[in-house]
Amino acid sequence: MQFNILTLFPDFIESYFEYSILKRAKDAGVVSVKTINPRDFSTSKHKKVDDTPYGGGAGMVLMCEPFFLAYNSFEKKENSKTILLTPQGKPFTHKISKELATYDELTIICGHYEGFDERIREHIDCEEISIGDFVLTGGELPSLCLIDSISRNLEGTLGKIESAEYDSFSDELLEYPQYTKPYDYNGWTVPDVLLSGNHAEINYWRKKEQLRRTKLRRPDLFEKFLKKELTKEEKKMLNELEKEEI
């Protein structure tokens, strides 16, 4: 997948691809990133990209011309999508992450300062996305959140694509508890079922713990899960959990 990032701070984005899983994915050709700095397309003497808002008010607003010139400076692939990062966008979810992973190219526009000139939003065909109900100083961190999440859904990013299949939210449930060596630390031991070698029992325990954890920590997700058509095994687990909590 090709990621095109319109950002005033390209080094911030590019450095993220020099570490850990995304570096390996980039080196393997699974993902590639190109940064486009709207400041390079400013027609002002001092490469200005922002100005005071019409009508008055605090802060500075990003000018539309440098962003339009930057956005139109490269050709988009056929199977491509553009994302505008804004607190006004729809909340980013695991489901959206998996949907975006089906594209060959994503162009992400990062804002800064007080926001965009509204004409950027109106005249670039884009999907508006937010990573949460809070405000940051710029769109660079949200763009990296999207890139990291989406890349995990691409074959070749993780050691095994199965590693992503049991992540939290992959089936609308939180992930089950994980353990590694040592078996006993300060008297705190690993559940014996995980050492049993019985994969059917291990899978049953893990799914049941997913249900338990989601019910306790994210009742909103749990209620959403209950609206699905439950399997016979899932119904059995829920009955067991009810008895255990009495």
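Predicted model: local features only at pLDDT ≥ 70, side-chain atom pairs only at ≥ 80, totals over all residues.
The buried residues of helix H8 are covered by parts that include helix H9 (219-226) and helix H10 (232-245).

Start with H8 itself. Helix H8 spans residues 199-217. It has 19 residues and reaches 26 Å from its first C-alpha to its last. That is close to the 27 Å expected at 1.5 Å a residue. Look at the N-terminal end of H8. Asn198 caps it, with a side-chain oxygen 3.2 Å from the backbone nitrogen of Ala200.

Which residues of H8 are buried? They are Ile202, Tyr204, Trp205, Lys207, Lys208, Glu209, Gln210, Leu211 and Thr214. Notice that this list includes the lysines Lys207 and Lys208.

Take Lys207 first. Its relative accessible area is 17%. Buried means under 20%, so Lys207 counts as buried. Glu234 forms a salt bridge with Lys207, and the closest N and O atoms are 2.8 Å apart. Glu234 lies in helix H10 and Lys207 in helix H8, so the pair ties together parts that are 27 residues apart in sequence. Glu234 is buried as well, at 10% relative accessibility.

Now move to Lys208. With a relative accessible area of 11%, this residue is buried. Leave out residues up to four places away in sequence, and Lys208 touches Met237, Glu240, Leu241 and Glu244. With one of them, Glu244, Lys208 forms a salt bridge, the closest N and O atoms being 2.5 Å apart. This pair also links distant parts of the chain: Lys208 is in helix H8 and Glu244 in helix H10, 36 residues apart. Is Glu244 buried or partly exposed? Glu244 is partly exposed, with a relative accessible area of 42%. Salt bridges that share partners join Lys208, Glu209, Arg212, Glu240 and Glu244 into one network.

Step back for a moment. How many salt bridges does a search of the whole structure find? The search finds 15. Another of them pairs the side chains of Lys26 and Glu18, at 2.5 Å from N to O. Here Lys26 is partly exposed, at 26% relative accessibility. Glu18 is partly exposed too, with a relative accessible area of 40%.

Next, find helix H3, residues 64-71. Six of its eight residues are buried, so H3 is largely enclosed by the rest of the structure. The six are Cys64, Pro66, Phe67, Phe68, Ala70 and Tyr71. What do they pack against? The list holds strand S1 (2-6), strand S2 (32-36), strand S4 (61-62), strand S5 (80-91), strand S6 and helix H5.

At 6% relative accessibility, Ile36 is buried. Set aside its neighbours within four places in sequence. Ile36 is then in contact with Asn4, Ile5, Leu6, Thr7, Phe41, Ala70, Ser73 and Phe74. Ala70 is one of the buried residues of H3. For a sense of distance, turn to Ser130. Ile36 and Ser130 are 94 residues apart along the chain, and their C-alpha atoms are separated by 21 Å.

Now go to the surface. Phe9, Phe12, Tyr113, Phe134, Leu136 and Leu141 form a nonpolar patch there. Together they have about 550 Å² of accessible area. Tyr113 sits in the loop between strand S6 (105-109) and helix H5 (118-123). Tyr113 is partly exposed, with a relative accessible area of 38%.

Other loops hold backbone details. In the loop between S2 and strand S3 (50-51) you will find Lys47. Lys47 has a positive phi of about 60°, although it is not a glycine. Lys47 is partly exposed, at 35% relative accessibility. Asn186 also has a positive phi, near 55°, and is a residue other than glycine. Asn186 lies in the loop between S8 and strand S9 (188-189). Is Asn186 buried or exposed? Asn186 is exposed, with a relative accessible area of 56%.

One last stop is the peptide bond between Lys181 and Pro182. This bond is cis, with omega about 5°. Pro182 lies in the loop between helix H7 (162-165) and strand S8 (184-185).

Note on methods: Residues numbered from 1 in each chain as written. Heavy atoms only, no water. Patch = residues over 30% accessible without salt bridge, like charges linked within 9 Å, V, L, I, M, F, W, Y side chains within 5 Å. Areas by Shrake-Rupley, 256 points an atom, 1.4 Å probe, with all protein chains shown as cover. Salt bridge = Lys/Arg side-chain N within 4 Å of Asp/Glu carboxyl O. Helix = DSSP H or I, 4+ residues; strand = E, 2+ residues; numbered from the N terminus. Buried < 20%, exposed > 50% of the residue type's maximum accessible area, 1.4 Å probe, protein only. Contact = heavy atoms within 4.5 Å. Expected span 1.5 Å × (residues − 1). Polar contact = N/O pair within 3.5 Å; in protein donor to acceptor, adjacent residues only side chain to side chain.
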